[in-house]
Amino acid sequence: MPELVAGPGWVALFPEALFLEALFLIGRYGRFMDVLVIGAGVSGLTTGIRLAEAGLDVTIRTAAPPEQTTSVAAGAVWGLVRVGPQDRVVPWGRIGLEVLTGLAAEPGTGVRMASGQEVSRAPLEPPYWTELVPDLRLCEPSELPAGFAGGWHYTAPTITMPVYLGYLQARFAEAGGTLELARVGSLADLAGEAPVVVNCSGVAAHDLVPDPEVVPVRGQVVIAANPGIEEFFISRDEAPPWIFYMFPHGEQILLGGTNQVGDWDLEPKSDIAERIVAGCAAIDPRLHGVKILAHRVGLRPTRPQVRLESEPLGGGVLWHNYGHGGAGISLSWGCAAEIAAAVLG
Ligand SMILES: Cc1cc2nc3c(=O)[nH]c(=O)nc-3n(C[C@H](O)[C@H](O)[C@H](O)COP(=O)(O)OP(=O)(O)OC[C@H]3O[C@@H](n4cnc5c(N)ncnc54)[C@H](O)[C@@H]3O)c2cc1C
């Protein structure tokens, strides 16, 4: 059994105390668990999977189900956007790229390899993380939509988030994990409930920790019937709060979007949706008059640096795993691997 599962130090000295500790916890909380994860977005689910598949008894406690998280609103494509620090996100991102590429070969995961381009109206160099993408090349001028000055083309895992979150949830359950719908009012109150607690609360860490460095960057997107677009497209022009992108997902296409810094509003706005569709249709005329199917809003949990570190909590340990900005899907497997390595020893 991993050392941390033994609880406070005196338990290690007196093994019979472990039994009494377990009885105490079962009496207080109904059941014994090795790890309690807060949050069922992509960070909480992947962390829960890694620990449950290693044989630990893991419970995820979440205020909202996976289909009502920020994670479900993502585009999504692998990439290290609005996130830092570079020296930590590159190794996490490399793991994410490997794992997601593997999942793209499995049916039913919601992940597939897709090609597309990122373009800009002003000259722009590919960002540092594109070095991890094997087939990156600069676009020929003839490939660019009208009005764009340059861009790059590559293949990467793209993820249909509602399907992917369903896959992750099923995989967690298959590994023996338990998912509870309940809001955590205070991290301090969790002391003693499990030897390891992992805080994957996304943007809600702003109030839960509390951590004022966590700032929401609101992203609104439109789900439409796909008129036949096969490649993803991202305009990287700096035009806050607007960004235009398109992610085809079979018969549907996700159109974006916004980068609204500090905006906590989860309600889709019809004027913003109209502007998103008009902006995308101006780039790809096949989107004129497209049938709108749904609207989604997510709050990117931005922070100057991802917070992946531990601190004591009662006799156990509290891991923080939040602040993944615009890259949480891409980083989740790498962050989960780092926590699993520390917890499992
Ligand atoms: C429009 C948009 C496009 C994006 N595109 C991409 C992309 O292409 N690629 C990419 O990698 N990333 C992308 N992102 C970023 C990515 O979606 C996020 O970084 C990621 O979803 C964060 O996941 P998370 O699990 O940390 O947080 P969340 O998904 O927000 O999950 C947080 C969880 O914590 C729970 N919770 C919060 N407070 C409490 C509490 N008090 N008690 C119990 N539970 C609580 C919530 O209910 C939820 O289950 C995009 C984001 C948006 C909005």
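Start by selecting Thr62: setting aside neighbours within four places in sequence, Thr62 is in contact with Gly39, Ala40, Gly44, Leu179 and Leu181. You are looking at a predicted model, so please keep that in mind as you go.

Colour strand β2 next, and you will find Thr62 within it. Is Thr62 buried or exposed? Thr62 is buried, because 23 other C-beta atoms lie within 10 Å and 20 or more count as buried.

**On to the ligand**

Select the ligand and what surrounds it: 43 residues, the closest being Gly39, Gly41, Gly202, Gly219 and Gly328. The elements that each give two or more residues to this shell are α3 (42-53), β2 (58-62), β8 (215-225), β11 (252-258), β13 (292-302) and α8 (328-344). Colour the shell by class and you will see 19 nonpolar, 21 polar and 3 charged residues. Domain 1 (3-70 + 163-213 + 304-344) and domain 2 (113-158 + 215-302) each supply at least three residues to the shell.

**Last stop: helix α7**

Select residues 270-283, which form helix α7. This helix has 14 residues and reaches 20 Å from its first C-alpha to its last, close to the 20 Å expected at 1.5 Å a residue. Show Ile272, Ile276 and Cys280, which are buried in α7. Look down the axis of α7: its buried residues fall within an arc of 65°, so they line one face of the helix. They pack against β8, β10 (242-249) and β11. Turn to the other side of α7 to find Ser270, Asp271, Glu274 and Ala278, which are exposed.

Key: Residues numbered from 1 in each chain as written. Predicted model: local features only at pLDDT ≥ 70, side-chain atom pairs only at ≥ 80, totals over all residues. Near = placed C-beta within 6 Å. Helix = DSSP H or I, 4+ residues; strand = E, 2+ residues; numbered from the N terminus. Nonpolar A, V, L, I, M, F, W, Y, C, P; charged D, E, K, R; others polar. Domains from an automatic or database assignment. Expected span 1.5 Å × (residues − 1). Buried ≥ 20, exposed ≤ 12 C-beta atoms within 10 Å, placed from the backbone. Arc of directions from axis to C-beta. Contact = placed C-beta atoms within 7 Å.
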